[in-house]
Amino acid sequence: MKRSQITVTFWLLLLAGISSVYAQDKNLVTEPAILTAPPMVPPPITRDYSAKVVINLETREQVGSIADGVDYVFWSFGETVPGSFIRVRKGDEIEFHLSNHPNSKMPHNIDLHAVTGPGGGAVSSFTAPGHTSTFSFTALNPGLYIYHCATAPVGMHIANGMYGLILVEPEGGLPKVDREYYVVQGDFYTKGEYGEAGLQPFDMEKAIDEDADYVVFNGSVGSTTNENSLTANVGETVRLYVGNGGPNLVSSFHVIGEIFDTVYVEGGDLKNHNVQTTLIPAGGAAIVEFKVDVPGTFIIVDHSIFRAFNKGALAMLNVEGPEEPAIYSGKQADNVYLPEGSAIQTLDEDYIVAKANTKEEQIRFGQRVYEANCLACHQSNGQGIPSAFPPLAKSDYLNANPILGVDAIMKGLSGPIKVNGTNYDGVMPAMRLSDQDIANVITFVLNSWDNNGGQMSAAEVASRRH
Ligand SMILES: [Cu+2]
């Protein structure tokens, strides 16, 4: 051995000695990470010391539903889009095992924005199908961070759903709240337009043009609505961990009818208070907290509002409990307001033209048309509102002659009518819907809420246009 070699060997041995002592010195307790699928969040960390946290995460490529009747091949961390929620504590050493499912066609890796190190772990975690990569990092900075795949073409991997959130709790933890949820926005680009049925391939050109067909929370239209809504009780505090996977669009995150008591701006230490809408950049996050004071359905949106009502960026928080009329009265009066010369207005709603081939599809697509266009007046259960909006549930007016419903939507309806023995004299605006959408929504109504059933075709609707 040359002397230089001996010196090098000496230093290497010394270094190895130091690092093993260091690891022993740290004497970290090892524990497996608890991972959760959206919208759930792992429990708060209660320990007051650093640990070695072992994470096993698997990348998948599998077909899922992006909207009713629309399938998409999602690429994901874990089984879901966004991927599993990871919760660690500042100072923890994370031993990360990334496995790529043997059925994958692509290699994948992970770039965690919580990592201090080149690529956020991307190079060390590059994993071929059927392999597992291991790397470790120490979580130096507290905060809420996006993680995502960074394998070329990066944009495509992210666009297919490869992102999620990792929370690094500060040493003292976060203040206690009653409910915590996990919501991530993402934009999707498909060969077909929004709502076009069938398996829709990724569209690279639209992605480059940032011309999204879908903008959704938690991976699909309706992922977090109706029976899958977030829930809370009146008087509880709610904390949302909100991420934006992108790949392209910035989110104007807003909860209709709530004010954020606290926003951890961009997921960091800075706390802002009394915020209506918070901006979440692509590849960024925010923590929002609010107390729910009154019951009802609170709609969560990207306030770039066409994304909410036309591209899917809409979730719901259902709050149950007693009314609080001192805080919110509910509707106190509804009187017909008819300014001079405004007999019939037109609602210019160019909703999706969903091609429906079967009655079942018509009902499904019709429900979407209903929720976007009719629910505000006729209500979610079709009961209407007494002395303002007539019921569609068991409506003798509609059931006797469904084509009158078509006319009402197409041309508007005003003047006195009688529904189930009650007189109405309101104004329903004409709606600019396609023949197919009108056929679908009427078919949906006829087959809902104990109505008589039946089916309306686009051709029948077309025959009413003059
Ligand atoms: Cu990937």
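Me: What does contact mean here, and which residues is H148 in contact with, leaving aside its neighbours within four places in sequence?

Reply: Contact means heavy atoms within 4.5 Å. In this predicted model, H148 is in contact with F77, N109, I110, D111, H113, I158, M162 and Y163, with neighbours within four places in sequence left aside. H148 itself is found in strand β8, residues 143-148.

Me: Is H148 buried or exposed?

Reply: Buried means under 20% relative accessible area. H148 has 11% relative accessibility, so it counts as buried.

Me: Where does UniProt place the feature "binding site"?

Reply: The unreviewed UniProt entry places it at H108, H113, H148, C149, H157, M162 and H303. One of these, H108, lies in the loop between β5 (93-100) and β6 (111-112). H108 counts as buried because its relative accessibility is 0%. Beyond four places in sequence, the residues that H108 touches include C149, H157 and M162, along with E61 and W75.

Me: With which side chain does the side chain of H108 make a polar contact?

Reply: A polar contact is a pair of N or O atoms within 3.5 Å. The side chain of H108 makes one with the side chain of E61, at 2.8 Å.

Me: How far apart are the end C-alpha atoms of helix α9?

Reply: The expected span is 1.5 Å times one less than the number of residues. For the 12 residues of α9 (435-446) that gives 16 Å, and the end C-alpha atoms are 16 Å apart, so the two agree.

Me: How many residues of α9 are buried, and what covers them?

Reply: Of its 12 residues, 11 are buried. The cover includes α5 (359-373), α7 (396-400), α8 (403-411) and α10 (458-462).

Terms used:
Residues numbered from 1 in each chain as written. Predicted model: local features only at pLDDT ≥ 70, side-chain atom pairs only at ≥ 80, totals over all residues. Heavy atoms only, no water. UniProt positions renumbered as here; feature names shortened; annotations may be inferred. Helix = DSSP H or I, 4+ residues; strand = E, 2+ residues; numbered from the N terminus. Buried < 20%, exposed > 50% of the residue type's maximum accessible area, 1.4 Å probe, protein only. Polar contact = N/O pair within 3.5 Å; in protein donor to acceptor, adjacent residues only side chain to side chain.
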